[in-house]
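Here are some exercises to work through with the model open beside you. Try each task first, then follow the solution step by step.

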Amino acid sequence: MGHNHSHGHAHNSNKKVLLISFIIITSYMIIEAVGGFLTNSLALLSDAGHMLSDSVSLVIALLAFQLGEKTASYSNTYGFRRFEIIAAMINGATLMLISLYIIYEAIIRFANPPEVATTGMLLISIIGLLVNLVVAWIMFRGGDTEHNLNMRGAFLHVISDMLGSVGAIIAAILMMMFGWGWADPLASVIVAVLILRSGYFVLKDALHVLMEGTPKSVNVEELIKDIEKTEGIQGIHDLHIWSITSEMHALSCHAVVDSQLTVAESEAILRNIEHELEHKGISHVTIQLETASHRHDNAILCQAKNKPLHVHHHH
């Protein structure tokens, strides 16, 4: 029960953090976009564009948590928890598209640097940096940015946005001091590369979950050894490990046991394995016990060490 309570608490604080962050980011994004147009700064406009993607990502992340709370039904037996991963994927893809557009715009500006109102640009960039620092601090302190993929995607948006403000500040100073017109598009390219990188990693992690990949926190070989060490287990096969969402991992397998075991003994073995797996972060466990005579020949992950290891994951 304690685990569920803490999970629920983290879930609610994630939602609260996202809502506060959304209000702050959206308010400042409007100011920065207007400032970018007035000062004619691509670094500011790219930062505002990135802030717009922040706002969208925060709304998607918030919606994902909201939908994730919907209870399971006959048509969605896991509920809507996967929407969190889809939200993270949309986030990652949006970040990458925005960064590519900024790079394209910057290339045009390198050839013909326009006049930029540097004082206004500097002022707006400094305020932007402060706003991002506040939001990043709120998210880091109040939300689960380490384990929740959806929350991490939103947090990375804000961090790369913060770097965008730093880039715009440096560009404004260089233009004021040396008249380097190319500093503005250069700052926006640096920001774009950072955005591209964070977008790629969020997208990659989300796709890994959607492709039913083994959770990164799980060491499969170690897990097989631990299960096979359990008293009464002769071996396991047809092992599948996948993630339903960021913090919900599932496992299914066939376990070979002695045919002499009683029902009570079999139950005890299952409880032991479930308890062991709970410590490894796998909360959803389905184990089919069978005797050696029922053993399949086409075992996928059998304990025979001389066979090559083939893993497949199922839905």
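**Exercise 1. Compare the span of helix α8 with the expected one, then find which of its residues are buried.**

Step 1. Helix α8 covers residues 263-279, 17 residues in total. From its first C-alpha to its last it reaches 25 Å, close to the 24 Å expected at 1.5 Å a residue. The expected span is 1.5 Å times one less than the number of residues, and helices (H or I, at least four residues) and strands (E, at least two) are DSSP runs, numbered from the N terminus.

A word on the source: this is a predicted model, in which local features need pLDDT of at least 70 and side-chain atom pairs count only at pLDDT 80 or more, while totals for chains, interfaces and linings use all residues. Residues are numbered from 1 along each chain as its sequence is written, and side-chain values use heavy atoms, with hydrogens and water left out.

Step 2. Buried means under 20% relative accessible area, exposed over 50%, and partly exposed in between (1.4 Å probe, protein chains only). In α8, the buried residues are Ser266, Ile269, Leu270, Ile273 and Leu277. Viewed down the axis of α8, they fall within an arc of 95 degrees, so they line one face of the helix; the arc is that of the directions from the helix axis to the C-beta atoms. Here is the background: an α-helix has 3.6 residues a turn, so residues three or four places apart point the same way.

Step 3. Now turn to the other side of α8, where Ala264, His275 and His279 are exposed.

Step 4. What covers the buried residues of α8? The cover includes α7 (220-229), β1 (233-245), β2 (248-257) and β3 (282-291). Just after α8, Gly281 takes a positive phi of about 85 degrees.

**Exercise 2. Decide why Phe178 and Trp180 count as stacked.**

Step 1. Rings of Phe, Tyr and Trp (its six-membered ring) pair if their centres lie within 6.5 Å; planes under 30 degrees apart count as stacked, over 60 as edge-to-face and the rest as tilted. The count is 5 aromatic pairs.

Step 2. For Phe178 and Trp180, the ring centres are 4.6 Å apart and the planes are at 25 degrees, so the pair is stacked.

Step 3. Phe178 is partly exposed at 47% relative accessible area, and Trp180 is partly exposed at 33%. Together with Trp182, Phe178 and Trp180 form one aromatic cluster.

Notes
Contact = heavy atoms within 4.5 Å.
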